[in-house]
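The following note sets out numbered remarks on the structure shown below. The remarks begin with the ligand shell and end with the overall fold.

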Amino acid sequence: AARASASEATGPGRTSDGHAVPLLANIGGPNDLPVALRNGAEGIGLYRTEFLFLDRSDAPGHEEQVAAYRAVLDAFPGGKVTVRTLDAGADKPLGFLAPPGAESNPALGVRGLRMLRHSPETLAAQLTALAAAARGTDAELAVMAPMVTDAADAEWFASAAADAGIAHAGVMIEVPVAALRARHLAEAAEFFSIGTNDLTQYACAADREISALGTFQDPWQPGVLDLVAATARAAAAAGRPCGVCGEAASDPILSCVLVGLGATSLSMGATALPLVRAALARSTLAQCREAAAAALDARDGPGAKSAAREHLPGAA
Ligand code: PEP
Ligand code: MG
């Protein structure tokens, strides 16, 4: 019994009927590893590399990048580490990498992959460092691009990763048209990771940095869930995994709904892992699907949450 409860506390994510849902950690750097490991993260679903680049006047050099990436890869022997390439611009402005012109709406500006398309040498240097860090480790490195808009973006990023010798390249789904056209992005992207924070911001046209608009930043909104569902459906049809790495994945009830919508893994701040693991372990996959259908039928976020709860044991 002691062993069973230990595995419930830190074992692999699964529903009560055994459907596996890998539970991964979001980290900002090697300092976040101890909590991720303690809480049983099965890998890293989102390594936000911009923290290495913030608050400095030059890009970090090759060796500094290799060391930061290798520390994370070494922590997950045999596991998967998904590194997000630099997400500069908007809420993450960088001193040495500015948009090409003035922007009155930075969230709609040159940010994420758009910034790297404007500065391909920054991406190439990062991918080269990542490939070097992965050599000789047992972890599986995957890279993913933030703020991807269309199939051309996905192709451009996948070919940059291939040029650096990185075999696994996916894209974040944060822009509504990327969600709606996921089937086209899936041609070049090996996997999707849905960033519900930005997807919610863009779906509602409400800047996530403006606190007066905070009520719009609710991933329970059925319209946001529609976009998640569309992405997961396209991924399944293309045989591609579709994770969620936004804050939504750290809400125990919503995590069950995301699984019901077709999410194949969940990545979250590591402190949320135990409650999400426990919520999944209480519900069958069919109950998650029923909760997802009920949430999609609701007319607003609070309604979606209370409708979903009724289908999930122990959530009411
Ligand atoms: C997101 O947008 O949901 C996400 C995971 O990325 P970030 O919060 O770093 O923009
Ligand atoms: Mg984002």
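1. Strand 2 and helix 9 each contribute at least two residues to the shell around ligand 1. Helix 9 provides the largest share, three residues. The residues surrounding ligand 1 are Leu46, Arg48, Asp87, Glu174, Gly195, Thr196, Asn197, Asp198, Cys245 and Gly246. It should be kept in mind that the model is predicted.

2. One "binding site" record lists Glu174 and Asp198. Although these two are spread over 25 residues of sequence, they cluster in space, with a largest C-alpha distance of 5.2 Å. A further "binding site" annotation in UniProt covers Arg48, Arg84, Asn197, Asp198 and Arg208.

3. Where does Glu174 lie? Glu174 is placed in the loop between strand 5 (169–173) and helix 7 (176–180). Glu174 counts as buried because 28 other C-beta atoms lie within 10 Å, the threshold being 20 or more. Not counting residues up to four places away in sequence, Glu174 touches Pro146, Met147, Gly195, Asp198, Leu199 and Tyr202.

4. Asp198 belongs to helix 9 (residues 196–204). Asp198 has 24 C-beta neighbours inside 10 Å and therefore counts as buried.

5. Is helix 9 mostly covered or mostly exposed? Helix 9 is mostly covered, with seven of its nine residues buried. These are Thr196, Asp198, Leu199, Thr200, Gln201, Tyr202 and Ala203. The elements against which the buried residues of helix 9 pack are strand 5, helix 7, strand 6 (192–194), helix 10 and strand 7 (242–244). Just after helix 9, Ala205 adopts a positive phi of about 50 degrees.

6. Arg208 is classed as partly exposed because it has 18 C-beta neighbours inside 10 Å; the class lies between the limits of 12 or fewer for exposed and 20 or more for buried. Leaving out residues up to four places away in sequence, the contacts of Arg208 are Asp91, Asn197, Gln201 and Gln217.

7. Strand 2 (residues 43–48) pairs with strand 3 in the parallel sense over four bridges. Ile44 has Val81 in strand 3 as its bridge partner. Strand 2, helix 3 (residues 62–74) and strand 3 together form a right-handed β-α-β unit.

8. Strand 3 (residues 80–84) is mostly covered, four of its five residues being buried.

9. Ala279 lies in helix 12 (residues 273–282). Ala279 is buried because 23 other C-beta atoms lie within 10 Å. Leaving aside neighbours within four places in sequence, Ala279 is in contact with Pro252, Ile253, Ser255, Cys256 and Ala315. Ala279 and Glu247 are 32 residues apart in sequence, and their C-alpha atoms are 16 Å apart in space.

10. As to the overall fold, the protein chain holds 14 helices and eight strands. Its radius of gyration is 19 Å, close to the 20 Å that the globule rule gives for 316 residues, so the chain is as compact as a globular protein of that length. The C-alpha trace spans about 50 × 45 × 35 Å along its principal axes. Of the 316 residues, 49% count as buried. Among contacts between residues at least 6 apart in sequence, 67% join residues at least 24 apart.

Definitions and conventions
Residues are numbered from 1 along each chain as its sequence is written. Chains are lettered from A and ligands numbered from 1 in the order in which they are written. This is a predicted model: local features need pLDDT of at least 70, side-chain atom pairs count only at pLDDT 80 or more; totals for chains, interfaces and linings use all residues. The radius of gyration is taken over C-alpha atoms; the globule rule is 2.2 Å times the number of residues to the power 0.38. Two residues are in contact if their C-beta atoms, placed from the backbone, lie within 7 Å. Two strands pair if DSSP finds at least two bridges between them. A crossover is right-handed if, with the strands pointing away from the viewer, the path from the first strand over the helix to the second runs clockwise. UniProt positions are given in the numbering used here, feature names are shortened, and annotations may be inferred rather than shown by experiment. A residue is near a molecule or strand if its C-beta atom, placed from the backbone, lies within 6 Å of it.
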